[in-house]
Amino acid sequence: MNIKQEKKSIPVWAWGIGLFYTSFVLVFAGFAIYSTHLGFQFVTPDYYKDSVNYQKHIMARQRAQSLAEKPTLIYNAKEQNITLEIPVTFTSGKLFFYRPNDHKQDRSQVLSNQATQVFSVQDYSKGKWKMQLTWQTNGKSYYQEKELYITN
């Protein structure tokens, strides 16, 4: 008695479905592992405290925009410095260099009472920075922001 056993093969469409679901699970698992190893940070260390004071920030920006003569921030790539010219008298101020991709590189410069000031950026990392200028005059705060691309 010769009984031949037939091999049953799995249809091609079944292999396709199996391959699709296996690929999906592997890609999803890889993304999950990758995202757990990614570093994240808030824009500022005191994010929640800063968000409460945001209305004051908006008012300071509007006051600065309404000035007839606005401060100017000029980047000189050749000399690697920033020239700040403030046409109004002010009591105090600060120029904050904000690095969007790494808050550890943020830097701050206190302004002197001079109308023209120069700040060196030779040791700043190459790339995008935001210069955030804040100053006070007659008890009112002002704010101006400008993007900077440092090319070393």
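Figure 1. The coordinates are a predicted model, in which local features need pLDDT of at least 70 and side-chain atom pairs count only at pLDDT 80 or more, while totals for chains, interfaces and linings use all residues. Residues are numbered from 1 along each chain as its sequence is written, and side-chain values use heavy atoms, with hydrogens and water left out. The charged end of R63 sits over the ring of Y142, 6.0 Å from the ring centre; for such a contact, NZ of Lys or CZ of Arg must be within 6 Å of the ring centre and within 35 degrees of the ring normal.

**Figure 2. Aromatic pairs of the model.** A pair of aromatic rings is described by the distance of the centres and the angle of the planes. Rings of Phe, Tyr and Trp (its six-membered ring) pair if their centres lie within 6.5 Å; planes under 30 degrees apart count as stacked, over 60 as edge-to-face and the rest as tilted. The count by this rule is 5 aromatic pairs. One of them joins F20 and Y21, whose ring centres are 5.4 Å apart and whose planes meet at 70°, so this pair is edge-to-face. F20 is exposed at 54% relative accessibility, and Y21 is exposed at 52%. The W135 and Y142 pair has its ring centres 5.3 Å apart and its planes at 10°, so it is stacked.

**Figure 3. An aromatic cluster with an arginine over one face.** Ring pairs connect F97, Y124 and W129 into a cluster. R107 lies over the face of Y124, at 4.3 Å from the ring centre.

Figure 4. Side chains of opposite charge can pair when their charged atoms come close. A salt bridge is taken as a side-chain nitrogen of Lys or Arg within 4 Å of a carboxyl oxygen of Asp or Glu, and the count by this rule is 4 salt bridges. In one of these, the closest N and O atoms of R61 and E145 are 3.7 Å apart. This pair links distant parts of the chain, with R61 in helix α3 (residues 54–65) and E145 in strand β7 (residues 140–150), 84 residues apart. Helices (H or I, at least four residues) and strands (E, at least two) are DSSP runs, numbered from the N terminus. R61 is partly exposed, with a relative accessible area of 32%, and E145 is partly exposed with a value of 32%. E145 also forms a salt bridge with K130, the closest N and O atoms being 4.0 Å apart. Here E145 of strand β7 is linked to K130 of strand β6, 15 residues apart. K130 is partly exposed at 22% relative accessible area.

Figure 5. The side chains of E147 and K128 meet at 3.4 Å, N to O. E147 lies in strand β7 and K128 in strand β6 (residues 127–137), so the pair ties together parts that are 19 residues apart in sequence. E147 is partly exposed, with a relative accessible area of 39%, and K128 is partly exposed at 32%.

**Figure 6. An open sheet of 3 strands in the order β1-β2-β5**. Strands of a sheet pair through backbone hydrogen bonds, either parallel or antiparallel. The pairing in this sheet is antiparallel, two strands being paired if DSSP finds at least two bridges between them. Strands β1 (72–76) and β5 (116–120) are the edge strands, each pairing on one side only. From one strand to the next the twist averages 20°, with axes taken as lines fitted to C-alpha atoms, for helices over the stretch in contact, and angles running from 0 to 180 degrees between N-to-C directions. Strand β2 (residues 81–85) is joined to β5 by 5 bridges, and E85 has T116 of β5 as its bridge partner.

**Figure 7. Loop residues with positive phi.** Most residues other than glycine have a negative phi, and most peptide bonds are trans. Q80, although not a glycine, has a positive phi of about 55°. Q80 is placed in the loop between β1 and β2 and is buried, with a relative accessible area of 10%. N138 has a positive phi near 50° and is also a residue other than glycine. N138 is placed in the loop between β6 and β7 and counts as exposed at 72% relative accessibility.

Methods. Buried means under 20% relative accessible area, exposed over 50%, partly exposed in between (1.4 Å probe, protein chains only).
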